[in-house]
Amino acid sequence: MTTIETPPAAAPPRKAATVTRAGDRVFAAMSRGSGILLLVVMAAIAVFLTVRAASAISKDHGNFLTTFEWTPSLNPPVFGIAVLAYGTVVSSIIAMLIAVPIALGIALFITHYAPRRLGGPIAYVIDLLAAVPSIIYGLWGALFLVPHLKGLNLWLDNYLSWTVIFHKSDPNSAARSLFTVGILLAIMILPIITNVSREVINQVPKMHQEAALALGATRWEVIRLSVLPFARSGVISASMLGLGRALGETMAVATVLSASPVLSAHILDPVGGTFSQNIVAKFGEADEFGRDALIASGLVLFVITLLVNGAARLIIARRKEYSGANA
Amino acid sequence: MKLQRKSGLQALTVGAVAISGALLLTGCGSDNNSGSSSPSSSSSASGSSTANASGISCVQGQILASGSSAQQNAIEAWVKNYQQACSGATINYKTSSSGEGIIDFNQGTDAFAGSDSPLKPEEVAASKKVCATGQGINIPMVGGPIAIGYNLPGVNNLVLDASTIAKIFNGKITTWNDKAIKALNPSATLPSTKIQTVHRQDDSGTTDNLTKYMHGAAAADWPYEHAKAWAAHGGQAAAKSSGVSALVKQTEGSIGYFELSYATSQSIPTVKIATGASQPVEATTQNASAGIAQAKVVGTGSDLALDLSAAYTTKADNAYPIVLVTYEIACDKGNKASTLPLTKSFLNYIASDSGQQQLSSAGYAPLPTEIATKVRSTISTLS
């Protein structure tokens, strides 16, 4: 696909370090220590979660993976993560579907289309979005977004009801659904995806782009042929960072979503729940056992996040040969 | 060169992913420590007590307490008054939840805890470790009506009874012009709007007390046991009383439950309850006190745990049946010598007539006289 040839980058010759000074050793020790500390912290968290979770799951009288209800205080205790896992994944997918194209668009606009005068302020405003605390997003979502999405909900229900996804069981119910949560999450993860994508796109070698222009490519063709292939893996990384935030978001979801232990394919219905939302809703009045049960759900979120990050690394690794990173 | 720049960027994103993951997880994990990480119950209270103009016999020192958010506004007002009258006294009430308050108390970090339901037997057993020679007891202190608020333009003075309330929240009555509602409100023009019920998404003592009422007064229509988590299906859920009341205020045709102060502050109309009394009973602090007066003390010894089931089914005039009572939890014997004088003095003040009179203005119900007398005598025996 790429027809542009670049001269191979001449790697600077490496010299073996023959002289070591105290500063070298101190710095090496410090950076090694930081790396080890990170691993120790992660391991400690994993052990803590696993031990507490195992004790709770072993006393669960429902199936931990398929039960809808979350009632660890009942006798016998019954709780499961089916609704929470579904809600977490669905709301994050909606957020990604909305946020990634928009973020990529903004990043390309700032780097390639906007005059410099305009690009700077836009980047600045996007940065501001990242500084808003999530509880503020939650309040804005509950008090402004929910009432104003009613029209869109009715429209979707009217015309797209046949898709099942956009069927709304009770058209009058408030729009406190996974769909609304997804929109809110999209706004929240927009800045991180935009910023990292912009940085990556800025790294695309000018030579590639100028070569494409010289071959008679239009601006869109330059972006398609030289910018996007080079930036692809970086944009995927950026999206995964955003996805990480969407998966774990707590207060905004808890404020907006009308949580209930119902698993529904209709994303406009005010039902469902997410891991973090459930933790924040149930933690206050939970006894020791209830807390262990919540920790068990936290462990599942931990695993999901690991899987997502692993999948992202896999995608990036497979795309590498096309990405221009080897140019 | 390019290669290096790229791999540097990649390393950066890997690091960022790892760090954000770690932050996320420590976020989950650190919640758990909030109970145990608070500093150990503090400091000295000198025994010097002096009576002053406001009738408070002051004790200096510092105590920690924590628990129910249902009594938050009442405690805040009392602490302010007490500390104004008594310089040198610091009472630090951390508002969290009843569950966390009891955990704090049983770990020995609290001088007293606030809870909107009495201690369970296993919690009493756990308290014996902290109260060396005694055990934790429930001292009722703050009463309150749970208001049923609704949003139905054109309809004022809505009257419901226990059975219709239970059927509405259980999804058995789905439209506002249902026969059962019509029968209780013959003169009102009820719309055919669908009823949107709103309940608490978080576990809550308010839910616990409402479901106790519905189960106690209309067990056939509310088959679930009382619980802090909402058991019925359907309806919408919102976080905290503020979220429920905001949603009711926002949504036409909705009905929800919250403490009276939320209804008053946002001017949400509240349901009058047809209890079988000569008139439907309005949710007011005075009527709630009359409701609580029906309650029986079921605690043994100095424990004053109340059984409110008589209040749920009362037919007395002007006695509001949907009430909750928050308890202060302390040791009957074996309170820490360093915190006992100030704890006793503060509890004495809030149980006194002048203390209880503060409650109505904040939307709470003062304790009825008979219970208040028992409370005061129990507080005087704390040791």
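What share of the contacts in chain A between residues at least 6 apart in sequence join residues at least 24 apart? I looked this up first. The share is 74%. I note that the model is predicted.

**Entry: chain A**

I counted the secondary structure next. Chain A has 11 helices and 2 strands. I read the order along the sequence as α-β-β-α-α-α-α-α-α-α-α-α-α. The C-alpha trace spans about 70 × 60 × 35 Å along its principal axes. I also checked burial: 44% of the 327 residues count as buried.

Then I turned to the UniProt record. Its unreviewed entry places "domain: ABC transmembrane type-1" at residues 85-312 of chain A. I found that stretch to be 77% helix and 0% strand. Its end C-alpha atoms are 19 Å apart.

**Entry: domains of chain B**

I moved to chain B. The domain assignment gives domain 1 as 21-141 + 329-381, and domain 2 as 146-291. I looked at where they meet. There, 14 residues of domain 1 of chain B are in contact with 10 residues of domain 2 of chain B. The domain 1 side has 7 nonpolar, 6 polar and 1 charged residues.

**Entry: helix α5 of chain B**

Is helix α5 (residues 162-169) of chain B mostly covered or mostly uncovered? I found it mostly covered, with 8 of its 8 residues buried. Among them are B:Ile165, B:Lys167 and B:Phe169. I listed what covers the buried residues of α5(B): the cover includes β6 (136-151), α7 (205-217) and β10 (254-259) of chain B. After α5(B) comes B:Gly171, with a positive phi near 80°.

**Entry: the listed binding site**

I went back to UniProt. For "binding site", an unreviewed entry lists B:Ser68, B:Ser69, B:Ala70, B:Ser98, B:Asp116, B:Ser204, B:Gly205 and B:Thr206. These residues span 139 residues in sequence, yet no two of their C-alpha atoms are more than 11.0 Å apart, so they gather at one spot.

B:Asp116 sits in the loop between β5 (112-115) and α4 (121-130) of chain B. Why is B:Asp116 called buried? Because 25 other C-beta atoms lie within 10 Å of B:Asp116, and the cut-off for buried is 20 or more. B:Gly205 lies in helix α7 of chain B. B:Gly205 counts as buried too, with 23 C-beta neighbours inside 10 Å.

I checked contacts last, leaving aside neighbours within four places in sequence. B:Asp116 is in contact with residues including B:Ser68, B:Ala70, B:Ser98 and B:Gly205. B:Gly205 is in contact with B:Ser68, B:Ala70, B:Ser98 and B:Asp116, among others.

How values were computed. Residues numbered from 1 in each chain as written. Chains lettered and ligands numbered in written order. Predicted model: local features only at pLDDT ≥ 70, side-chain atom pairs only at ≥ 80, totals over all residues. UniProt positions renumbered as here; feature names shortened; annotations may be inferred. Helix = DSSP H or I, 4+ residues; strand = E, 2+ residues; numbered from the N terminus. Buried ≥ 20, exposed ≤ 12 C-beta atoms within 10 Å, placed from the backbone. Contact = placed C-beta atoms within 7 Å. Domains from an automatic or database assignment. Nonpolar A, V, L, I, M, F, W, Y, C, P; charged D, E, K, R; others polar.
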